[in-house]
Each structure stands twice: as C-alpha cells, then as structure tokens.
Amino acid sequence: MELLVIGLNHNTAPIEIRECLAFPEDRLEEALSKVHALSSVKEDMIVSTCNRVEVYAAARETEKAIHDLKGFLCQYHGISLKEFEKSLYTHVGEEAVRHIFRVASSLDSMVLGEPQILGQIKDAYDVSQQANTSGLILHRLLHRAFHVAKRVRTETKIAISAVSVSSVAVELAEKIFGTLEKKTVLLIGAGEMCELAARHLVAGGVEKMLVTNRTYERAVSLAREFRGEAIPFEDMTQGLKKTDIVISATNSPQYLIGHDQITKVMKDRRQKPIFFIDIADPRDVEPKVGDMENVYLYNIDDLQKVANENIKDREKEAQKAETLVQDEVVKFVNWYRSLDVTPTIVALRKKFEEIRKRELEKTLSLHPNLSDKEKKSLEALTSAIINKILHTPITLLKQTNEEAMADLYLDALRVLFGLPEKSLETFLEKFEEKQEEEETNLEDAF
Amino acid sequence: MDVHFFEFASFLYLLGTLAYLAYVLFLKGVLSNIAAAVVSFGFASHTLAILTRYFEAGYTPVTNLYESLSFFAWMIIGLLLMANLKYKIKVLGSFLTPIALILMLFALALPKEIFPLAPVLKSFWHPFHVIFAFLGNAIFTLTFCLGVMYLIQEHQLKAKKMGAIAKRLPSLSVVDDLSYLSLKFGFPLLTLGIITGAVWAEYAWGRYWNWDPKETWSLITWLLYAALLHQRLTVGWRGRKAAIMAIVGFLAVLFTFLGVNLLLPGLHTYSKWQ
C-alpha cells in the first residue's frame, strides 16, 4: 500500500486548466465515491480550490492507481489527458507526505502563509469522511498535516505580517493610531481597491465611515453599503477635519488634496494625526502633504513596497518551516513503515500466546490442587518468558528503517514460525472493523 | 548589609537588561516575562538595600551621590513595574532597565560609607524635597524613553519602512498618550520638589532661593517642562515636537542632577560627591 497524490496547482497550470479540472463542492462526494470504486484505490480524498486540484489516495497498486486516477480525471471532466498532462504532478510515498504537509502549512500557496488553505483541506477531509472514502492512512496523514500546519503557524513567523496592500494599510493605521476603534474613515471616490481597503479597516474596528464622490448619488449608495454617511464633494475639507484615515481613489487628473489645504485642516484638528492612503493613479494627494508633521501619506506604490518587504520576510520564515516539515515527514514515514511490520508482529504474538495457553492448560490439568496464587504465578511466569523471547525480534522489526532489511526479517519470521502470509491490507481491514474510536492510534494496538 | 542587597539588585538588573535586550532581538514574549520577573526580584532586593540603610543610618538615605543614584534607579524600576501592570508595552523595559543599570553601576563605583548626617541636611523637609524631585526625575526618564520611541517609530513610518524596528515599537498614539500622561504626573512632582526644596532652604540657609547652580538649573528644567505642558494643553502640541521637547527636558534633568554636582560647585555640594 502506498500513499500518493496526483494533481496540479497555480504553479503548474494556468487558470483555464484549473477551472476545467475543478470539482464543484456539491458534487465532491459523488466524485470521491467514483474514485473509491477504482480497484487500485483503497482510500481517497480530493482537494479542489481555485488554486489547486489534487487527488490524494492510499493505493493498493501504485502504478495502476496513478493510471486509473489520470483516467478518472479525464473521464470525469470530459477532457483528454494530453490537454493537462504536462501540468500534472505525481508524488508517491514520502514525497506525497511532504506535499500535503507543505500544502496544509501554506508553504505551497500562491501567497505564502495565507490561512485559508488549511480550512479548505479540513473541508476536503470532512467530505471524504462523509463519503466514507478516507480510512486509517489518510486519517492519520491528515491529522498529522493539521498538526504540522499548527506548528508552522505558531513556531515560525510566516503569517505574522501583512502581505496585501489593504492589510498593510490596516497595519500602518494601527501603528499610527494604536487601535482603530472610535476612528473615522473618509472614502473619496470609489473603486474596487478603495472598497477593499475600507472593508479591511471596518473589519479592523473602524467606527465611522464618511463617503464622498463627485457624483453625490454614488457616495450615497456606497455609504449605504458601509452603513456610513455620505457628504457632498464640496464639503470634503469639512470631512477631513473629522477624519483620521483618508482613502482616496478618484480619477481626478490633478491633485485633489493640496499642501495648503491640509496645513489649515491640521490647525483646525489641533494637529491630531491623519493618515492618507492614496490609491489613485494619478495621485490625489500632493506628495508634499506627507512631509507635514502628524500627517502620514502612503500611495499605492509605498503600500506595495511594504507588502513586498513582508513577503521577503515570509520567505525567510518559510525556510524554517521547511525544516519543521521535514521532521514531521520523517516521523510519519517511520509510523507508516511500522505498518508493514505490524501484521507480522501481531501474528507472531498470537502464535506464541496460543502455544503458551495450550501448554499452560496441560500443566494445570496435571496439577488440579494448585492454589489460585500458584496458578497466577505460573501465568505470570509463562507470559514473562514469551515477552522476554519476543522483545528483541520485535524491537528490531520496529526499528528497521531500511525496507529491504525489514522484508528479509519478515520473510524469515514467517518461514521460521510458520506464520500466515497476511498482507497489510487485510490486516488494516480487520483493524478498522475493530476500531470504533476515530482518534485511536495504531501504535496503541500493541 | 545594605551594600550586599544593593550589589545583588545590580546583578539582577544586569540579568534583566540582558533578558530585555534578548527580547528586543528575538521578540519572544517569554523573554520579556523572564526579564520582568528578574527585575522584580532585583527591585525587592533594592528595596531591602534602601530599607536596611535607612535603619542603619537613622535617616532617609538620600544624602549623597551614591544614595541618590540608588534612589533614582529604584524609582525608575518601580515605575517600570507599575507601567508593566497597566500597559502592555513590553519594550519599555528594554529602555528603562539599562538606564537604571547604568545608574546602579555608577553608584557602585562611589564610596558607600554611612556618615553622620551633615547638620544642614537634618531637616524635616529635606527627605520630601529629594523624594519628590527624584520621583519627578524618574517619571521624566520614562517620558524621555517614550520620546525616543516616538521619534524612532515616526521616522520608520515617514520613511515608509515597516520592518524589524517598527514591529518592536508600540504605536505612535499609545506612546504619545503615555508621554502626555507621564508629563501630567512628572511636572507637579518636580514643582513640589522645588517648593519643598525652597522651604528647606529657608530653614537651612535662611533664604528660599539662593540662585546656586542647582537651583538655577532646576528652574531651567521646570521652565522647559512647563513650556511643554503649556504647548500640549493650549496649542495641541503632540508627537514629534513634544517628543523632542521631552528629550531636551530630560537632558536638563540629567545636568541638574549630575552635571551641576560634578561641574558647578555651589550650596548643594556637601562633599566631593555631594
């Protein structure tokens, strides 16, 4: 049994192809069941976001599963493999583990450290559980992935600073005003950027929103959207006196806010600080305004520059995160390898236990006069003997990291003790039948 | 006995300074917590040092330069611990603790013997004069640190750099508000210090005001802070101007406290080291 992932993301495929291969949310369960029906696949999960489409699987036969999954993608979406094969990546075993750990930790995201991906993976996992297509292996894999993501988030500074223009604006406003509560924002003009920045500020706790526009009706409608107050364009200067943060994004060909005007405004404000966010092109605020005391002026390029600096910081932190991911991959792979030896260990123990029970019964029937205490002693003695004998071989099996060696030992044990040729899969199936608690760890089983 | 407590306190302030610097470097909250704990223990030891000296000497130990420096540092750390309780400005300790440490190290180099009190200092008013003056000074030290923080942070924002430095400093408005608040407390205390000083002078020398260098310089200091307070209250001075003024004011405080003693002999010079 092998873990594998097959998929494409924003780096390998253009949006057109990603759109073609995306799985709509409401049909995800159905798609999962179709994958599950493939004979080569034992467990499966599909992650489909606007930046990536990935199928995770625990495969019975690796090569066949890869082939089948590619076939499934073609068939399901009705496109030929040729159209997207170049964009496709396939990771198997350890690489697949590393891949999902990196994805969950947002190390593989377009915006490094963005928080949404973790939620999206959790959703994908939930759906696979509802569809009953994820089992023990994906279960464990995903729980480890969530754990890694949490570690990356808390132990590195990957998500600490703002990397979008609007979140940088909020961060700056907080550096100037401390808190955004009880602060007033004046929106001049309209536009997507403008509204986005405003929305971020509102989310940051801004109390009051003033909106002005050359067309008063537009100001009114935008103000309604933000539950703010529209003011006529001529009264802008009045508005500036009551405002802490100004977002300006008009199409005006010349400066809308000049140095002399703000000098007067500042006097009326008793020098209360004011923060201009000028996202207009060409600019709305005369650059000299930014030289005034207690006036802070950032234009779109300034904001972008800060965002870029923060992105560089995140890249540095990402390096730390990669080391952390590597640690966790090793841990998972060790656990996964232990799965290979588990059925044999269980069979070996069972065999010894049977011998012990049988022989013990014989002895006890020969000596019916033994007291309970003596019986217990015999019980303990025999158990101790088999535990001591089994200790060394079992420890060795569990600790063998090299696959070839492990196989050698396993074969030898099967032959020497006449153990049944039990595959991992049948073992897991039995194990899962017994397993009621979702969270139970395989290691607890022995 | 008091000297041992004092030395131990200095040692802990040294550790605290190191921990606070490590905090600034690595930005790990746990480091600032450790630093605050170490400094608190240092403060306790320092308090014991002052108390034992008070009982051994039989007078409030603010009579020579060693005692004054110690008292000044004690007030600064006390203020820091109070500020830690009320505000979440962890970086404050990284500013105030080193200053207190420098005062402590300076004091360690000075003679520490307890002498009988000079007659002129045997006055009901003298301890009040010194305590008010140093409380004011300690608060102005805080104002000074906030001024420095403000200027650095403002420069970061104006230069459009939101990097490592900006992350470590609090927001401008928090710094400015606290600076204003500290001025509102510091100024009345300085005023009280000068008034009680004048009353004491009347008892000691028969005149309220003698225009000796210390008096002149404390008047200059008082005028500087009075001007700052006035501008803040009436014109709405804030931010940069207020920060610069707070720094200038603190330089005057330092000169009044140390410069005058070391450079300009006068009535306040009671021995070589005051």
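**Exercise 1.** Find how far apart the C-alpha centres of domain 1 and domain 2 of chain B lie, then describe the side of domain 1 that touches domain 2.

*Solution.* Start with the bounds: domain 1 of chain B covers 1–117 and domain 2 covers 123–274 (bounds come from an automatic or database domain assignment). Their C-alpha centres sit 20 Å apart. Keep in mind that this is a predicted model, where local features need pLDDT of at least 70, side-chain atom pairs count only at pLDDT 80 or more, and totals for chains, interfaces and linings use all residues. Residues are numbered from 1 along each chain as its sequence is written, with chains lettered from A and ligands numbered from 1 in the order in which they are written.

Next, the contacts (C-beta atoms, placed from the backbone, within 7 Å): 21 residues of domain 1 of chain B meet 20 residues of domain 2 of chain B. On the domain 1 side, α3 (65–86) and α4 (92–108) of chain B each supply at least two residues; helices here are DSSP runs of H or I, at least four residues, and strands are E runs of at least two, numbered from the N terminus. The top contributor is α3(B), with 7 residues. By type, that side has 18 nonpolar, 3 polar and no charged residues (Ala, Val, Leu, Ile, Met, Phe, Trp, Tyr, Cys and Pro count as nonpolar, Asp, Glu, Lys and Arg as charged, the others, Gly among them, as polar).

**Exercise 2.** Work out which strands stand at the edges of the chain A sheet.

*Solution.* Write down the order: β7-β6-β5-β8-β9-β10, an open sheet of 6 strands with parallel pairing (a pair needs at least two DSSP bridges). β7 (229–232) and β10 (295–299) of chain A each have a single partner strand, so one side of each lacks a neighbour in the sheet. For a pair inside the listing, β5 (184–189) and β6 (208–213) of chain A share 5 bridges, and I188(A) has T212(A) as its bridge partner in β6(A).

Definitions and conventions
Contact = placed C-beta atoms within 7 Å.
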